[in-house]
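Hi everyone, thanks for coming. Please have a look at the sequence and the structure on the screen, and then I'll walk you through a few spots.

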Amino acid sequence: MTSFDDLLSQVPIAQIADQLGVDQATATTAVQAALPTLLGGLQVNAAQPQGAASLLGALDNHGGLVEGEGAVDLGQVDVGDGEKIVDNVFGDEKNTVISALGAGGGTGGNDLIGKLLPILAPIVLAYLAKQLTGGTAAPAPQQTQTSGGGLGDLLGGLLGGSSNSGGLGGVIGEALSKNAGGALGSVLGGLLGGKR
């Protein structure tokens, strides 16, 4: 099963709430806002050949985090690595993305979002790696970089539609309108415009 809900089920929300010192409702709202944003940023990067190659290289290092059924053990998440992933995904727009997410109702503000994104990023990459490989060896780059191939379709599917229908902006906009609010749509719209 590859779906946003399946990815969400891998996220240890209770452990995240404890680690960040917030209640589970706040952690849940923040995670539900941040996940589509991370996926959207990854999809923007995967749409570029260089970004896709970089993302596939990163997936090689993250497959083991999501094993079997149930949520990831937060103790296994490398937040320093997550920080690098977030920097790569959002680049100069990182603080703008954090501000837009932090302004959303119930997300706990910028500080919480700033701590949450590096926790979620390795989990998302581990989930993508597991889905692309079926839990086996690393994906072959030629399989995942072809037009309409694995990585773009997987990200599109997680965001609620194929990357081939409605276009990248539509998929991200739809996910953001459901989960994170309008300010973020313009941020990722800028990312889309700037990276084409």
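**Charged pairs and a buried leucine**

Let's begin with glutamate 83, which counts as partly exposed because its relative accessibility is 29%. Keep in mind that this is a predicted model.

Who is the partner of glutamate 83? Its salt bridge is with lysine 94, and the closest N and O atoms are 2.8 Å apart. This pair links distant parts of the chain, with glutamate 83 in helix α5 (residues 79–90) and lysine 94 in helix α6 (residues 94–102), 11 residues apart. Lysine 94 counts as buried, since its relative accessibility is 16% and the cut-off for buried is under 20%.

Lysine 94 also meets the side chain of aspartate 87 in a salt bridge, at 2.9 Å from N to O. Aspartate 87 is partly exposed, at 36%.

The whole structure has 3 salt bridges. One of them joins aspartate 111 and lysine 115, with 3.3 Å between the closest N and O atoms. These two sit 4 residues apart in helix α7, so about one helical turn separates them. Aspartate 111 is exposed at 54%, while lysine 115 is partly exposed at 44%.

Beyond its sequence neighbours within four places, leucine 117 contacts Ala34, Leu38, Val86, Ile98 and Leu101. Leucine 35 is 82 residues from leucine 117 in sequence, yet their C-alpha atoms are 8.3 Å apart in space.

Conventions. Residues numbered from 1 in each chain as written. Predicted model: local features only at pLDDT ≥ 70, side-chain atom pairs only at ≥ 80, totals over all residues. Heavy atoms only, no water. Contact = heavy atoms within 4.5 Å. Salt bridge = Lys/Arg side-chain N within 4 Å of Asp/Glu carboxyl O. Buried < 20%, exposed > 50% of the residue type's maximum accessible area, 1.4 Å probe, protein only.
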